[in-house]
Amino acid sequence: MRKLQLEHITKTYKSGELVTALNDVSLTFRENEFVAVLGPSGCGKTTLLNVVGGLDRYDSGDLIIDGTSTSQFRDSDWDAYRNHSIGFVFQNYNLIGHQTVLQNVEIALTLSGVSASDRDHLAKQALAEVGLSDQLEKKPSQLSGGQMQRVAIARALVNNPDVILADEPTGALDSHTSTQIMEILKEISKTRLVIMVTHNSKLADRYANRVIQLLDGAVESDSNPPEEYHSATDVQNDKSRFKKTSMSFATATGLSFKNLLTKRGRTITTSIAGSFGIIGIAVVLALSSGLSAYMASMQTDMLSGFPIMISTQTQRFDRGIEGFFGSGSGSYVSYPTDDIIYNYNSNENQREHTNVLSDDYLAYIAKMTDALPNAVSAITYQRGVTMNLLAKTSDSVVRFETRGSGGSGMAGMGGGSYWQEMPENYDFILSLYDLIGEGSRLPNAKNEIVLVVDEYNRINTNLLNQFGLDKKTYKLSDFIGKTMLKVIDNDDYYTKNGDLFEAARPAEYLSLYEGSGGVELTIVGILRIKEDAASSYFSQGFVYTTALTAYVVDSAKNSEIARAQKTSDKDVLTGMPFADENAKKTRLRSTGADTTPSGINIYPVDFAAKDSIKAYLDDYNEGKPEASRVVYTDMAESISDMTATLVNTVSLVLIGFAAISLLVSTIMIGIITYVSVIERTKEIGILRSVGARKKDISRVFNAEAMIIGLLAGIIGVATTYLVSIPGNMLIVSIAGISTIIALNPLHALILVVGSVILTLIASFFPSRGAAKKNPVEALRSE
Ligand code: ADP
Ligand code: MG
């Protein structure tokens, strides 16, 4: 029975002009014989071998293998055929340079799914047959030509194929080494079919038992054709006897990994280049999560103490959303080209609102503590009552002016005032301010006050001048424990004169100060804004207790001037009628006749509690007409909104940059995979010649890209973690804020996976191109 039968095989190449490489070739080969194919260069010898070996496709005719027609073969059948039935030996050896001798031989077994231990055993056995047992771990480049060709023969033999196809195996060898190779092939031909192409007719005549001469793609002579001839009618179409090959993903990864190891420098460079994009994204993520975490802790730590404020001062609000998005929008178009000027009233776009703190509303607020027991920490009320304050200098007593020009307090909180009330929420104050100086403490009685200095321990000259203090510097102890201010009761301060009341004159100040009434105020501590405070709460000056307010409200309420003002339509100080209701209300408040609050501060327990407080306040306004609504201000929210917007904007810009760098590095990885494909074209050919499928080839390159992607991801994430250590230390030393760069481990994981996915995408086209490469052309490349 014949192993191999060519029936009228024709093969034409169509690159430029038509070349008929094989022209109606019909040949039958015995199961085991040593066939030498001779012929001038270009006569089609290599083409014949490639067609027989399934590396190249014939155009017409049929190749019958063991009685099976190949006319219906699909790619996978050819792959399986090459892997199981064919062993190729090439003139230029075609070994994979970055693999050892043993690995080069094992590769075909790997594809046919032989277990690792069998692989090792079979490969060593094949290498022993060609006399190379002692060279297993060498690289091809460390071997002589004859040794390399013996490795190639061992590789061809290892799968125990039926046919060995050798294309000018001795073409590059000296005559002595050629003889060795011929002896080996002769030995092999005892058990299988060996078809050898050669130029050397002497070797052919000496070793082969059949010589076929080719000329211009046709058989010119055949020295020993088989006698019997099987007609094509016996041919069957059963392809199932060829077991399909498959390369495991692990093998592909292993191959790529070894290849990458041999190009260590380039692999690392590529991965580092690929990691830049990852580092960019990672740093941005780390920064924004760090900043957000910082914001959150700042909100709870520092901003939570800021009260929700309800003021009776008239406030202006922008009307609707168009006011928010910039002045002059609405129905107006910016940069009009028309010849037009609009008459525009800006006040129409704003609305004024004055909160009226009705008894109803005050009752509603008073119920809040019970309604929201876990949200409200304290509620304080501002009173419009005037405190009659006298300041003692070294030699006289003057009226203390509470309005200062300097200082930097929060707007709407009596900014620029030297005289402010301390909220009862002391924890809040101590979260923003440090007590400095020996014995410094917070006040806890009506006769105790504290002094607030700025971050440089400065006090405004205007304030000091009121006490006659004009030295350049003072000691903290010059203030702590000192008594320099006194509150005078209304009845002592105002004297009745007919229907009118008269305030004390400067000449009377000293005796008032030394008199028994009123409250002498002692400075018990000095407050200074903390370095990391989110915002200040007080301006420079003095801070008094709510106990003092309560005392003054109480004493003023029953004072003579208050009672007189209550019943009079005129201002009891000037004797003039009031300009309007508001003016009257203000006077009633300042004399103490009206004790309704001029403002309310609500202190939440923590930042989260604010929401329920605001919801409670909003509930009151529900369904009420505009005029009866009470609006509130949440200063902390404005601060944190502002910061959050800033963080988001910065993050967005950074993410944009990072995305660009990620894109660039993805493209780069694609290009590098492409270059790698070109560099490894030969290897693709070798792998295909031992039976690798197209799929296996793309797997090898995808695996390579995956390893690079993984490395890039790990390098990127690791670098980010490493950089974040000195980065955070730097930020601490510059801004005093800790752990701003904090890469979330989940983000890190996503980034590594993302990097792998991106590089896989980037390598998709190059590796598909590699898979599509024609194996014959691939083998011919250098
Ligand atoms: P040999 O091995 O006998 O020197 P080949 O089988 O390599 O000859 O080539 C036979 C003919 O086919 C030659 O004329 C060669 O130029 C041509 N040929 C071989 N391969 C290709 C190809 N891939 N594309 C175009 N022409 C080819
Ligand atoms: Mg050739």
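A123 is in contact (heavy atoms within 4.5 Å) with L102, V105, E106, L109 and V158, leaving aside residues up to four places away in sequence. A123 belongs to helix 4, residues 116-129; helices (H or I, at least four residues) and strands (E, at least two) are DSSP runs numbered from the N terminus. The relative accessibility of A123 is 0%, so A123 counts as buried; buried means under 20% relative accessible area, exposed over 50% and partly exposed in between, with a 1.4 Å probe and protein chains only. Between the C-alpha atoms of A123 and P140, 17 residues apart along the chain, the separation is 15 Å.

The model is predicted: local features need pLDDT of at least 70 and side-chain atom pairs count only at pLDDT 80 or more, whereas totals for chains, interfaces and linings use all residues. Residues are numbered from 1 along each chain as its sequence is written, chains are lettered from A and ligands numbered from 1 in the order in which they are written, and side-chain values use heavy atoms, with hydrogens and water left out.

L193 is placed in strand 8, residues 193-197, and is buried because its relative accessibility is 0%. With residues up to four places away in sequence not counted, L193 touches L4, F29, R30, E31, N32, E33, V35, D162, V163 and I164. L193 and K3 are 190 residues apart in sequence, yet their C-alpha atoms are 8.1 Å apart in space.

Grid points are joined across faces, edges and corners, and a volume is the space filled by probe spheres set on the points. Over the whole structure, five cavities of 30 Å³ or more are found. The largest cavity holds about 90 Å³ of space and is lined by R82, N83, I86, G87, F88, F90, A108, R155, A156, N159, S689 and V690. At least two lining residues each come from helix 2 (75-85), strand 6 (86-89) and helix 5 (145-157), with strand 6 giving the largest share, three residues.

The second largest pocket has a volume of about 620 Å³. Strand 2 (17-29), helix 1 (45-52) and helix 25 (775-780) are the elements that give two or more residues to its lining. Helix 1 contributes the most, with five residues. The lining comprises 26 residues, and T46, T47, N50, D167 and R780 lie nearest the centre of the pocket.

Two non-glycine residues with positive phi lie in loops. N94, with phi near 50°, is in the loop between strand 6 and helix 3 (101-111); its relative accessible area is 2%, so N94 is buried. N457 has phi near 60° and lies in the loop between strand 19 (448-453) and helix 14 (461-465). At 38% relative accessibility, N457 is therefore partly exposed.

Y674 lies in helix 21, residues 635-679, and is partly exposed, with a relative accessible area of 48%.

Methods
On a 1 Å grid over the protein atoms alone, a cavity is a set of points where a 1.4 Å probe fits but cannot get out, and a pocket is an open set with protein on both sides within 12 Å along at least five of seven lines; lining residues have an atom within 4 Å of a point.
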